[in-house]
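User: I would like to go through this structure and ask, term by term, what each description rests on. Please set the values against the cut-offs as you answer.

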Amino acid sequence: MQLYDYQQDTKNRIHQSWNEGNRNVMGVLPTGAGKTVLFSSILHDHQGAGVVIAHRTELVSQISLALGREGVNHGIIGPTSSIKEICNEHMRELGNVYYDQNALIKVAGVNTLTRRTSQLKSWCDQVTLWVNDEAHHLLKENVWGKGVAMFPNARGLGVTATPCRSDGKGLGSHSHGVFDDMVVGPNLRDLINRGKLTDYRIFAPPNDIQLDKVETAADGDYKKPQLKKAVRESHLIGDIVDHYIRIAKGKLGITFTTDVETATDVATQYNTRGVPAEVVSAKTPSRVRAEILRRFKNRELLQLVNVDLFGEGFDLPAVEVVSFGRPTKSYGLYCQQFGRALRILEGKTEAIIIDHAGNVVRHGLPDKERVWSLDPKESAPRMKNPDDDIPLRYCSECTQPYEKCLILCPYCGAKWEPMDRSKPEYVDGDLFELTPEVLEQMRASVARIDETEESLRGRMNYAGAPSVVVGSQLKAQRIRKNVQGVLRDQISWWAAWHRQFGRSDAEIYRRFFFSFGIDIMNAQTLGKTEAGDLAIKISKQIEELSNGQRTG
């Protein structure tokens with residue numbers, strides 16, 4: 001198979017990293033960019049024994065088919081029943097069977113692999129390359145780490161669309177993981193602009209899911225039993241079907257749900273409303289699942305309602321619409337699910353995302369370029385351009401998401417109206433939206449900082465303060481005003497940067513609030529230390545914005 005230029009470039013840089021002495025390399029490509037094709041090509045060229053490790057049976061099957069398409073004979077480490085079914089799939093799709101248990105290259109399910117440690121030792125010692133699919137799972141101490149540790153003489157390649165974890169653990173060998181270097185390919189927006197993936201449109205109907213009492217599990221995502229309860233106590237099941245029919249009727253869709261019971265209820269409502277639908281989960285037998293996917297591809301079914309199956313790695317036919325019925329704190333899972341709608345399909349002009357779960361606002365748009373790292377950090381990486389790191393809100397009129405710093409919805413022109421105007425945080429830092437009384441109080445606080453030495457001395461003398469106290473206060477006031485002068489200069493330069501793009505003062509107020517967590521007026525009342533720290537942050541962001549413009 002001929003690689004696309006970006007796949008070949010990524011492949012070349014992975015080999016370069018190995019040649020530079022990095023033993024284990026992480027390769028990053030978005031969902032739909034062809035990670036399986038990439039590592040199949042690398043294995044095709046590999047001289048010696050190698051293994052691809054996946055975490056589910058269906059992914060072992062998909063990888064086996066991908067290797068077969070590359071003409072790579074390979075063994076399979078898995079249950080006999082699974083091997084037979086995979087061989088049948090080879091014949092159905094490829095017209096030939098590329099399974100050879102004596103081949104040097106093998107595909108392994110991680111659980112089967114680690115259960116056969118002693119049995120496979122001789123072969124493991126021969127392996128000189130391991131590949132781990134969905135490599136954001138791989139930590140030194142978990143089952144994937146134990147799996148790759150079985151190959152002491154091998155270098156490694158991990159591939160993923162999102163090299164981050166909800167629990168914040170680092171994937172680097174210096175941290176919780178095993179990787180020494182990271183090679184990042186083009187991002188989602190690059191591939192959309194190249195025509196390799198389709199663009200998208202988002203709808204976010206209001207929902208009544210109450211997540212405030214849903215706790216976070218050890219993996220960093222919502223606890224599943226509590227999440228199921230919250231969803232089932234809401235009106236989400238009916239809303240999913242209603243809005244699919246209203247927005248995307250007749251289009252091929254996937255609906256992501258929290259559990260099999262909820263998926264069954266959603267599928268029942270789809271069918272009752274005339275939308276052919278089936279439930280698909282990890283518990284669905286592989287032959288039944290294959291038949292369901294065949295019917296879906298032929299448009300005999302229009303909806304696949306699934307539970308934790310199509311989120312990662314699954315080779316799914318191109319679809320036109322994704323419905324989020326499962327809130328998630330996992331940025332990686334969100335991107336995987338979002339990306340299912342972006343594959344090219346004849347006649348498809350855009351993907352439709354119907355977000356019933358608040359995932360888009362929770363995580364931001366997936367095609368914004370992010371800074372990836374192998375270090376431990378927060379689960380969602382920061383934006384490469386600080387100007388992109390603004391939270392989103394859904395328009396109350398057209399339901400599409402847009403940056404909170406904007407005054408009007410860019411899609412329909414509707415204006416967001418705050419419910420309360422008594423504090424800056426209620427109006428997103430936009431000082432124009434505050435009541436006159438609140439503004440007057442804030443101006444008085446700034447005036448106290450700006451008080452002249454003569455006025456301060458006079459007040460303190462009038463109050464009978466000792467001269468030593470007066471001197472101390474005057475010195476502190478002088479230092480604070482000097483630091484505030486530096487801060488205010490930085491604020492002015494930061495605002496000037498944004499004005500060059502024609503942004504209004506109201507939008508600039510909001511951008512400042514979301515960028516630094518404080519409104520511009522309260523920033524001018526900060527003490528010496530806080531004001532100095534903020535001035536440094538602003539200066540750093542101005543530099544990052546300038547660098548981004550030069551390289552953009």
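This is a predicted model: local features need pLDDT of at least 70, side-chain atom pairs count only at pLDDT 80 or more; totals for chains, interfaces and linings use all residues.

**Cores, helix pairs and loops**

Analyst: The largest nonpolar core has 116 residues, and the members that touch the most other members are Leu113, Trp123, Trp130, Phe151, Phe179, Tyr270 and Phe338. Helix 10 (residues 236–248) supplies the largest share of this core, eight residues. A second, separate core of 28 residues includes Leu439, Tyr509, Ala535 and Ile542.

User: What makes a set of residues a nonpolar core here?

Analyst: The members must be buried residues of the nonpolar kinds listed for a core, and they must be joined through side-chain atoms within 4.5 Å. As a general background, nonpolar side chains tend to be buried together in soluble globular proteins.

User: Which residues does Phe179 touch, leaving aside those up to four places away in sequence?

Analyst: Phe179 touches Asn24, Val25, Met26, Trp130, Ala135, Leu138, Leu157, Gly158, Leu171, Gly172, Ser173 and Leu374. Trp130 is also named, with Phe179, among the core residues that touch the most other members.

User: How much of the chain is buried, and how many helices and strands does the chain have?

Analyst: Buried residues make up 55% of the 552 residues in the chain, and the secondary structure comes to 20 helices and 15 strands. The C-alpha trace spans about 95 × 60 × 40 Å along its principal axes. Of the contacts with a separation of 6 or more, 73% are between residues 24 or more positions apart.

User: What makes helix 3 and helix 4 oblique to each other?

Analyst: Helix 3 (residues 57–69) and helix 4 (residues 80–94) have axes that come within 10 Å and cross at roughly 40°. Roughly parallel would need an angle under 35 degrees, and helix 3 and helix 4 are therefore oblique to each other. Their crossing is right-handed. On the side of helix 3 the contact is made by Thr57, Val60, Ser61, Ser64, Leu65, Gly68 and Arg69, and on the side of helix 4 by Ser82, Ile86, Glu89, His90, Glu93 and Leu94. By class, this contact has four nonpolar, six polar and three charged residues.

User: Why are helix 16 and helix 17 called roughly antiparallel?

Analyst: Helix 16 (residues 453–462) and helix 17 (residues 467–499) pack at an angle of about 150°, with their axes 10 Å apart. Angles over 145 degrees count as roughly antiparallel, and the pair is therefore described as roughly antiparallel. Helix 16 passes helix 17 in a right-handed crossing. The contact joins Glu453, Leu456, Arg457, Met460 and Asn461 of helix 16 to Val469, Val470, Gln473, Leu474, Gln477 and Arg478 of helix 17, and its residues comprise five nonpolar, three polar and three charged.

User: How do you know whether Glu134 and Thr399 are buried or exposed?

Analyst: Buried means under 20% relative accessible area. Glu134 has 2% and is therefore buried, and Thr399, with 10%, is buried as well. Glu134 lies in the loop between strand 5 (127–133) and helix 7 (143–148), and its phi is near 50°, a positive value in a residue other than glycine. Thr399 lies in the loop between strand 14 (392–394) and strand 15 (401–403), and its phi, near 70°, is likewise positive in a residue other than glycine.

User: Why does Leu345 count as partly exposed?

Analyst: Its relative accessibility is 22%, and partly exposed lies between the limits of 20% for buried and 50% for exposed, so Leu345 counts as partly exposed. Leu345 sits in the loop between helix 13 (331–339) and strand 13 (351–355). Not counting residues up to four places away in sequence, Leu345 touches Arg299, Ala318 and Glu320.

Notes. Residues are numbered from 1 along each chain as its sequence is written. Side-chain values use heavy atoms; hydrogens and water are left out. Buried means under 20% relative accessible area, exposed over 50%, partly exposed in between (1.4 Å probe, protein chains only). Helices (H or I, at least four residues) and strands (E, at least two) are DSSP runs, numbered from the N terminus. Contact means heavy atoms within 4.5 Å. Axes are lines fitted to C-alpha atoms, for helices over the stretch in contact, and angles run from 0 to 180 degrees between N-to-C directions. Angles under 35 degrees count as roughly parallel, over 145 as roughly antiparallel, 65 to 115 as roughly perpendicular and the rest as oblique. A crossing is left-handed if the near helix is turned anticlockwise from the far one by less than a right angle, and right-handed if clockwise. Ala, Val, Leu, Ile, Met, Phe, Trp, Tyr, Cys and Pro count as nonpolar, Asp, Glu, Lys and Arg as charged, and the others, Gly among them, as polar.
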